[in-house]
Amino acid sequence: MTRGDHSDEDEGLERSGSGDAQPGLPASPERSEGPSREPLEAGQAERPRGDYSHEDEVLERIEAWRRRRPKLKDEFINSAHGAGGKASAALIDAVFLEAFRNKTLESMSDGAVLELPSGERVAFSTDGFVVKPRRFPGGSVGDLAVNGTVNDLAMMGAVPQWMSAGFIIEDGFSITELRDLVADMAAAALKAGVQIVTGDTKVVNKGACDGVYITTAGVGVIPAHVHLDAKSVRPGDKVIVSGKIGDHGVAVLIARGDLALEADIPTDSAPLGELVEHLLAAAPNTRFLRDPTRGGVATVLNELAREAEVGVVMQESALPIRNIVNGACEILGIDPLYVANEGKLVAVVPAEEVDAALAAMQAHPFGVDAAVIGEIREDPPGIVILNTGFGGNRIVDMLVGDPLPRIC
Amino acid sequence: MKFVDEYRDPAAARQILSHITDLAEGHHYKFMEVCGGHTHTIYKHGIENVLPETVELVHGPGCPVCVIPMGRVDDAIAVAETPGVIFTSFGDMMRVPGGNGNLLEAKARGADVRMVYSPLDALRIAIANPDKQVVFFAVGFETTAPSTAVTVLKAMQKGVTNFSLFCNHVTIVPPLKAILESPDLRLDGFLGPGHVSTVIGNRPYRFVPQKYGLPLVTAGFEPLDILQAILMLLRQIDEGRCEVENQYTRAVPEHGNPKALEILNQVFELRPHFEWRGLGFISQSALKLREEFAPWDAELRFSVPGVRVADPKACQCGEVLKGVIKPWECKVFGTACTPETPIGTCMVSSEGACAAYYNYGRFTKHQTVPVELTRTPQPA
């Protein structure tokens, strides 16, 4: 994280309705052609460019501004705070991190890496599951509750072993449906090789929750030779995605039934522990793993670009996306790069190991469609760029909140 | 994807681009794409950085979400917060700020605000909730207005009395005129709005060449559509022609859609004037329900504050919309005004010129090196 680097700018990004100078902006309202009045980041101002212009200067200033951690200004929670984008980051920073601050939490990854007195390391992660509808093609909230936590552990290089399960259930909920969901959890746990070893049950008044909410936590041991860290990512490394992207998010959207769209898209929910084991055996210098759940591949790569202070360039033509998912996204006006997956991972591997990594993944049932989708660059740091299939390129930024469909 | 990939073919694009580069040599051309959908395509596919430097695109006023003034958003929130109301809206309208926050914030405060994909969805919600008042936030140009009109007619036929319309439909020709009347404007032609023209046809744009001496080519929404339309504009200029042409023939009939126009005329009439964010009041530029549909008019059914909220002073959206300045030249762009905290209209929707530039455009011109996707380098 780059916290602290820009603390001087953390004050007062207020929306000003007047023409007064903005905090952090040059005092003069005129657009002067003179040199930048804001001290730019070291190494930024001096980047050699042939056509350095006023536009570049403005863009540099915006980049410095943009790298600040987003600030929480809302008084009430809204859906954007749960969408995994900038609003979520602001909430976590201002409320949770502020109160709980410690070194382990500050790493802000999908789970915590804890060192035992014996020197062994364990990974510990928790997640809540509130998806609606509870059942959709190919899975249910029960599968997700197990696979979500299993995958968070796997992304830290851990071998998932034990889990807890907590149920918050609405008064009047069908025990038959509960049984079905729990059976899904048991089956998923068996498949993932984890045991559910402790739990909790609460019943709340009708209307206080929507059916049933499930939280799970999990623990796994990290093998001694595994060291995954966003900061170890280097320019020239390759970015791999383990299969077709966007299936889960589109499956759930369609299963909600309010889009008048019909398509046969099952969720991709799957436990990734074994795939990770195979990948790490074939490409032992794998730098970084993350599962592109909420916020999708675009969000994972943006987080990586910021944490590692590198640029990520993707090739649109290389993105593995089902035609039917692409079609649904076109109709709805959303970008599959931001759509959730529940059985995919993004891996960054050194160029020398990319062949072995791909071969190992493609040999596993959950990695058949694995593909190299891009590479790490030195420049521009913190930014994800997509070379479009059409031959142009564009930025792929963090989302502000939930992706909202466009009107036309 | 069939019927889409054909219009995104890089080889065909290179061919058109080489013609564009030849024709545009030696002069700097500035074309305005009127429609927000075009702006979105241009940025999504990175079209600006494949065009020669002699062709510049200016992003026009055709984003229906962006042009809704702050006061109308406040009115919408007031209706949404009325007890017993279910307020329905298209998705990207939900984050548009008024003087007093946006609809998502109203929802967080407890208002029942729901996202719909079609006005007919709103009518369905009304039928399913007879004890509630269901209001649809109607926005959009002539593109979306016919579906709203059909919904009102259906509500009438079915006798649905708990459904009403907060109507903010606007029309495309008046703002085009307003832009053309602007003294500081310097354009060489227009990419005409494709979706709007499927309804109104090409004839309403004839005043552009006739009165203002500028060519207009109605364009589709795929990358090759945009490139071809640019080429058609350059050809007109090269051959000394100045007329309305249709690139989007696979969707736009010359006379539009008579059935849709008839329904529009049956349900709506022109308002004497309407405020546009960034452009101010434009006369006869918006639609309201005709008197016989008064029972379905939310502005009559609910008390809306109707207070005008001035555009923030720091905002230079008007100049951006007219192509006088580029988004990055605005003094609040990217710092005080960002997609998270938009001040002006152009930053509001992803179709807005500033939001599109902020989200997709920054920095890319330096990064055109393709990714090496081949595997580990093989020994020779």
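Two residues are in contact if their C-beta atoms, placed from the backbone, lie within 7 Å. By that criterion, 16 residues of domain 1 of chain B are in contact with 11 residues of domain 3 of chain B. The model is predicted: local features need pLDDT of at least 70, side-chain atom pairs count only at pLDDT 80 or more, and totals for chains, interfaces and linings use all residues. Residues are numbered from 1 along each chain as its sequence is written, while chains are lettered from A and ligands numbered from 1 in the order in which they are written.

**Domains of chain B**

- Chain B is divided into domain 1 (5-63 + 183-246), domain 2 (70-172 + 256-301) and domain 3 (317-360), with bounds that come from an automatic or database domain assignment.
- The C-alpha centres of domain 1 and domain 3 of chain B lie 21 Å apart.
- On the side of domain 1 of chain B that touches domain 3 of chain B, strand 1, helix 2 and strand 2 of chain B each supply at least two residues. Helices (H or I, at least four residues) and strands (E, at least two) are DSSP runs, numbered from the N terminus.
- Helix 2 of chain B gives the most to this side, with 6 residues.
- The residues of this side of domain 1 of chain B divide into 7 nonpolar, 6 polar and 3 charged. Here Ala, Val, Leu, Ile, Met, Phe, Trp, Tyr, Cys and Pro count as nonpolar, Asp, Glu, Lys and Arg as charged, and the others, Gly among them, as polar.

- Five strands of chain B form an open sheet of 5 strands in the order 2-1-7-8-9, with parallel pairing; two strands pair if DSSP finds at least two bridges between them.
- Strand 2 and strand 9 (244-246) of chain B are the edge strands, each pairing on one side only.
- From one strand to the next, the twist averages 25 degrees. Axes are lines fitted to C-alpha atoms, for helices over the stretch in contact, and angles run from 0 to 180 degrees between N-to-C directions.
- Strand 8 (residues 216-218) and strand 9 of chain B run parallel and are joined by 3 bridges, with Val217(B) opposite Glu245(B).
- Helix 2 (residues 36-44) of chain B lies across strand 1, strand 2 and strand 7 (189-192) of chain B, at about 120 degrees to strand 1 of chain B.
- In helix 7 (residues 173-181) of chain B, Pro175(B), Leu176(B) and Ile179(B) are buried. A residue is buried if 20 or more other C-beta atoms lie within 10 Å of its own, exposed if 12 or fewer, and partly exposed in between, with C-beta atoms placed from the backbone.
- Seen down the axis of helix 7 of chain B, its buried residues fall within an arc of 105 degrees, so they line one face of the helix; the arc is that of the directions from the helix axis to the C-beta atoms.
- The cover over the buried residues of helix 7 of chain B includes strand 1 (29-35), strand 2 (55-62), strand 11 (273-276) and strand 12 (280-283) of chain B.

**Strand 3 of chain B**

- In strand 3 (residues 85-89) of chain B, 5 of its 5 residues are buried.
- Val85(B), Phe87(B) and Ser89(B) point one way from this strand, and Ile86(B) and Thr88(B) the other way. In a regular strand the side chains alternate between the two faces of the sheet.
- Strand 3 of chain B pairs in the parallel sense with strand 5 (residues 133-140) of chain B over 4 bridges, where Ile86(B) stands opposite Val134(B).
- Strand 3 of chain B also pairs in the parallel sense with strand 4 (residues 112-115) of chain B over 4 bridges, where Phe87(B) stands opposite Val113(B).

**Chain A**

- Chain A contains 10 helices and 14 strands, and 47% of its 408 residues count as buried.
- Its division is into domain 1 (52-101), domain 2 (113-222) and domain 3 (230-395).
- Between domain 1 and domain 3 of chain A, 4 residues of the former are in contact with 4 residues of the latter.
- Strand 7 (residues 212-222) of chain A pairs in the antiparallel sense with strand 2 (residues 121-129) of chain A over 9 bridges and with strand 5 (residues 159-170) of chain A over 10 bridges.
- Arg322(A) lies in the loop between strand 10 (311-315) and helix 9 (323-332) of chain A, and counts as partly exposed because it has 17 C-beta neighbours inside 10 Å.
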